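Reader: I have a model open and would like to go through some of its local features. Could we begin?
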Amino acid sequence: MSDLLEVLEVRKYPDPVLKKISQPVEVFDEELEKFIKQLFEAMRVHDGVGLAAPQVGVLKKVAVIEYEDKSYVLINPKIIDRKGLQTSEEGCISFPGIFAEVTRSDWVKVETQDTKGNVKILEAQGYLAKAFQHEMDHLNGKLFIDYLSSIKRNAIKKKISKHTGGHF
Ligand code: NI
């Protein structure tokens, strides 16, 4: 099989697509499997732990995660249980060079679908739980900077607008 897939371009903040709500996946076909391979590829190119479809401009409820040599595919995921809290530094491929402390649940149970549409239950704790929550937020147009105080968020926005050379 050919591995010559087009490398998807990752959208950077403040691209408006990052604030949009994704639509559920209804068709589980080869196109979906190909798209998931492309998501993994784009994630690896950027040395990321996770990547969500809106970050490549596709408003579908699909995200991928790779952590400790294990791959996870989230399709139409929802959190059905959560426990505890954790606070740690977080970054995002759509925010190069930006990191901030975010508090999230320490453990989550997620109902998701696989590439065939079968319902799966996944549990994650600690760092992996954080990744799950971060990627699932992307599917609802929520970004990690949305958890910060407006002072911290504005400082980040200012830093980014300097790097991108203004509002063109
Ligand atoms: Ni992200």
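Reader: Does D69 count as buried or exposed, and at what relative accessibility?

Author: D69 counts as exposed, at 79% relative accessibility. Buried means under 20% relative accessible area, exposed over 50%, and partly exposed in between, with a 1.4 Å probe and protein chains only. This is a predicted model, in which local features need pLDDT of at least 70, side-chain atom pairs count only at pLDDT 80 or more, and totals for chains, interfaces and linings use all residues. Residues are numbered from 1 along each chain as its sequence is written, and side-chain values use heavy atoms, with hydrogens and water left out.

Reader: Where is D69 placed, and what is its phi?

Author: D69 is in the loop between strand 2 (62–67) and strand 3. Its phi is positive, about 65°, although D69 is not a glycine. Most residues other than glycine have a negative phi. Helices (H or I, at least four residues) and strands (E, at least two) are DSSP runs, numbered from the N terminus.

Reader: And N76, buried or exposed?

Author: N76 is buried, with a relative accessible area of 17%. N76 is found in strand 3, and its phi is also positive, near 50°.

Reader: Changing topic: which residues coordinate the nickel ion?

Author: The nickel ion is coordinated by C92 (SG), H134 (NE2) and H138 (NE2), at 2.1 to 2.2 Å. Donors are N, O and S atoms within 2.8 Å of the metal (3.2 Å for Na, K and Ca); water is not among the atoms, so sites may look incomplete.

Reader: What spacing do the donors follow along the chain?

Author: The spacing is C-x41-H-x3-H. C92 lies in strand 3 (residues 70–92) and H134 in helix 2 (residues 126–138), so the pair ties together parts that are 42 residues apart in sequence. C92 is buried at 10% relative accessible area, and H134 is buried at 5%.

Reader: How do strand 4 and strand 5 pair?

Author: Strand 4 (residues 95–113) and strand 5 (residues 119–125) pair in the antiparallel sense over 7 bridges; two strands pair if DSSP finds at least two bridges between them. E111 stands opposite I121 in strand 5. The two strands form a hairpin with 5 residues between them, and G117 in the turn has a positive phi of about 95°.

Reader: Where is the cis peptide bond?

Author: The cis bond joins Y13 and P14, with omega about 10°. P14 is found in the segment before helix 1.
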